[in-house]
Each structure stands twice: as C-alpha cells, then as structure tokens.
Amino acid sequence: MWLFTNFGFFSVVQKNGEPELTVRSRTQGDLLRLQRHYLPGLSEPVFGQGTDYPWRARCQAGELAKAMARIVGDIEYANFKDEVGACLGPERAHRCGKVWSAMHGIDDDLPEPAPAGWEALPWPEKVPAGKARAFGGVVVDPTGRILLREVAGHYDGYVWSFAKGRPAPGESPRATALREVADELGVRARILLPLPGTYTGTTTRNHFFLMTVDPASVDLSFRCRETSGLRWVLQEEARALISRTTNEAGRARDLALLEATLASLPSPLPLQRPIARREDWKTRPLPAARSSLAFTRTFTPQEMVHVVRGFIPAVMEEKWFVYFEDHVIRFHRSWTGIEIFRVHLRPADGKRGTWQVARVEVNRHPDQYQPDNDADVHATLQDLIEGLLRLREAPTIDPMVAAMQLATQPNYLGSPDVVRELVERYF
C-alpha cells in the first residue's frame, strides 16, 4: 500500500513469514513524523535496508489501523497538493503533482459490477403506448420483515403501500427506484433483484425491485410530503394493512406485489438464517488476476430464494461467505474475505422468475487461489452452488456454544451457577 499524507510518503508491505508490517520511506523524517505524531508503536527507523526505500521500520497491523484513523481525523484541508506544499515544502508538492498528472484521466480498467440501463432486467424496455411507467422498491430487512409506508392523507384511496415514482428524463429504472425509496421511506436501500411482472395501478404501469436495508438505519418516525408513517410488518399484517386501501386497482396491485415479494423470499418469515449483506463479513475485492469459467446453470424461482438469501457462516468450519446483490453472486473465503468466484446472472428468456448464469469470473491471484486444474475449479463452484440451495433454515450453532447452553441448564453437571462462574470469563 502506498500512503500519501501531508507529513510524508510511505510504502507499507508484509514480507513473507514476518508477523509485522514493514513501513518504508525515502526519508528518515517522514518515518519520524509518522512515529512521533500518529504511530508510537513504530520501531526506530533503520537506514540501508533497500535501494528504493532506504529507510524502514516495523509495526503491528492493528497499530497502523488506529494510526490511520487518527490521520483521517486530522484532514481539514480542501486541496491536498496545496497542503503538502505548506507542510512539507514546494519540492514535495511538485513531486505529488507529478503523481497526480500520471494518474489523471485513468480509464476504468477494472470495473466493478454496476448494471446500467436495462441490463439484467426481466421487463421489456419498450412497451405499448398507454399508462406511464413507474419504478419502485419493496424494502425488507435481513429477516424478511417488509417496510410499508402510510400514504400521506391517504391520497387517491391508498392507505399503506410501497415506494414508487416516475423516472426523471434519462434516469434508469434502478436509479428511479432507489431515489423513490430514499425520498418516500428515508432509507438508502440496496437492490437484491427485480421482481418479475408488471403491476398496473390507477395511472401507471409499475415495475419493482426487491431491496434490503439495515433495520438500524430505518427511522420509523420519518415523515415527508408523501409519507405519514412507516411500519415493519410480516406477511399477515402486510395483507391486512394493504387491504385498507379503498382504491380497488391500487389494492389489487399492491396485494399482487406482496405475493410476488413473498415468493421471492425464503419462508417462513421471520427468517432464522438472515439474508446476507456485504456488511455482514470482511470482504476483499476480486483482483485483476482473474479468468472466465465456462459454467452453465439455470435457477428456478424456488431456487432463487436461496440465492437471494446467500450464506453467513456461523462456525469456522463453514469456509465461505456468500451474498447476492443485483444479479451477481459473490463467493468469499470466510477466513480471509478473499473473493474467489463472481457469478453473473441474467433473466432467462420467457421464464418468469427464472435466472441463468451469464458468466463466471474466477480469482487467479497466485497467493489467493491455487486450484490444481479447471476441472477442480468447476467442481468447487458446482458444490458451492448446490450446497447453497440445500441449506437448512436453522443456522448452525457453534458446538462449544451449544455445549455451554446445555451445561447451564438446571440439574445438568451440578449447579448452573457454578458452571457459569467457570466459563463466563471466556464469553
């Protein structure tokens, strides 16, 4: 890692077999400023350990992480090069300017999945003339609870409904749906997948995305011009609240949308094994050292509910973290967070709710993934997918935790208080 700051320039690496990080610099002064002001655990700088970086020191990774948090906390400047000039002098600012020039205009040579337009959407881009189009989102939390909004003033007979709206000029379906969810629910949700079908209301022809959000980020007291209340609900309460709508077309639309949502989620709700989100685990991005894998697989609507949920490991023996987001399945090793497989899906032609593999990317970084051959790569991915589709509803419990729960029950291994006193220091 290269680290440019207003007090020095550093290269941070971890050499093979060494437990500590090596922090390298071109000058002694840079390392001393880092040590004296941000990283007191850094060893004394040593000279003559290399030609590119003649000054070197060592530290623990956790100490550097804390130091970087303090460095970020001291950012109070609007222009980095000007700040370098004021703190380190015009010569250093000139060198930083050369780095900026070299990186200026860089192409997005390693893009991340970010679907645009109508990519990976099951709805026709062109529709017959008639009612205008609108896009919205059905927001759920990781346990499958649904976030409903009470329509302000019960406008047009709607009482409890979902967020939706018409696109602005040039706005994509995804952007419209995310914006409407933010405007009408006050949350920044994340797309899981587009719900199949068209849901026609009084004035618009609607398409919806299934979205997820961290429930801690939801403010149930949120109010706006179009929303007078929010509520988390499960399926029966959702049906009851939606049924209060007096607009017959709108009520039928929202009830049909609710059923499509429930069909896209595992059951029963609330889920014991939650929907995986990228924040649930440490993850590292797929490197540029990657290859494509010929892989064919179709997922039925019943199988897609397991894909949508993904997998959060509960014990160390469960070696993978898997999450699904907007048509891409990502497989990460649980111990390291390294992304090994990235499986891109697309809607299957003419089969409502069915998806198929469009392409697969495989990590080929020699220090991250070293399979024996392509047949092993294919077999590993096949096993991971089939295992994901066979997951039980109940999450795995760590054997040690299960044993402690059993040991603290009445009349088991003597007094529960005695057992608890012996083991509680470890938990």
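This is a predicted model: local features need pLDDT of at least 70, side-chain atom pairs count only at pLDDT 80 or more; totals for chains, interfaces and linings use all residues.
A nonpolar patch lies on the surface. Its members are Trp2, Phe4, Val99, Met103 and Ile106. Together they present about 520 Å² of accessible area. Two elements, strand S1 (2-4) and helix H4 (90-103), each contribute at least two residues to this patch. Met103 is part of helix H4. The relative accessible area of Met103 is 47%, so this residue is classed as partly exposed.

Open space was examined next. The largest pocket holds about 490 Å³. Its lining comprises 20 residues. Nearest the centre of the pocket are Arg149, Tyr155, Tyr158, Lys164 and Glu226. Strand S7 (146-151), strand S9 (163-165) and helix H5 (173-185) each give two or more residues to this lining. By class, the pocket lining has nine charged, six polar and five nonpolar residues.

How many cavities of 30 Å³ or more does a search of the whole structure find? The search returns one. The volume of the largest cavity is about 50 Å³. Two strands, S10 (190-194) and S16 (320-325), each supply two or more residues to its lining. Strand S16 gives the most, with three residues.

Helix H8 spans residues 301-309. Within H8, Met304, Val305, Val307, Val308 and Arg309 are buried. Gly310 follows H8 and has a positive phi, near 70°.

Helix H9 covers residues 374-389 and contains Leu388. Is Leu388 buried or exposed? Leu388 has a relative accessibility of 6% and therefore counts as buried. The cut-off for this class is under 20% relative accessible area. Leu388 and Phe311 are 77 residues apart along the chain. Their C-alpha atoms are separated by 7.2 Å.

Note on methods. Residues are numbered from 1 along each chain as its sequence is written. Side-chain values use heavy atoms; hydrogens and water are left out. Patches are made of residues with over 30% relative accessible area and no salt bridge: like charges are joined within 9 Å, nonpolar side chains (Val, Leu, Ile, Met, Phe, Trp, Tyr) within 5 Å. Accessible areas come from the Shrake-Rupley method with a 1.4 Å probe; for residues, only the protein chains shown count as cover. A salt bridge is a side-chain nitrogen of Lys or Arg within 4 Å of a carboxyl oxygen of Asp or Glu. Helices (H or I, at least four residues) and strands (E, at least two) are DSSP runs, numbered from the N terminus. Buried means under 20% relative accessible area, exposed over 50%, partly exposed in between (1.4 Å probe, protein chains only). On a 1 Å grid over the protein atoms alone, a cavity is a set of points where a 1.4 Å probe fits but cannot get out, and a pocket is an open set with protein on both sides within 12 Å along at least five of seven lines; lining residues have an atom within 4 Å of a point. Grid points are joined across faces, edges and corners, and a volume is the space filled by probe spheres set on the points. Ala, Val, Leu, Ile, Met, Phe, Trp, Tyr, Cys and Pro count as nonpolar, Asp, Glu, Lys and Arg as charged, and the others, Gly among them, as polar.
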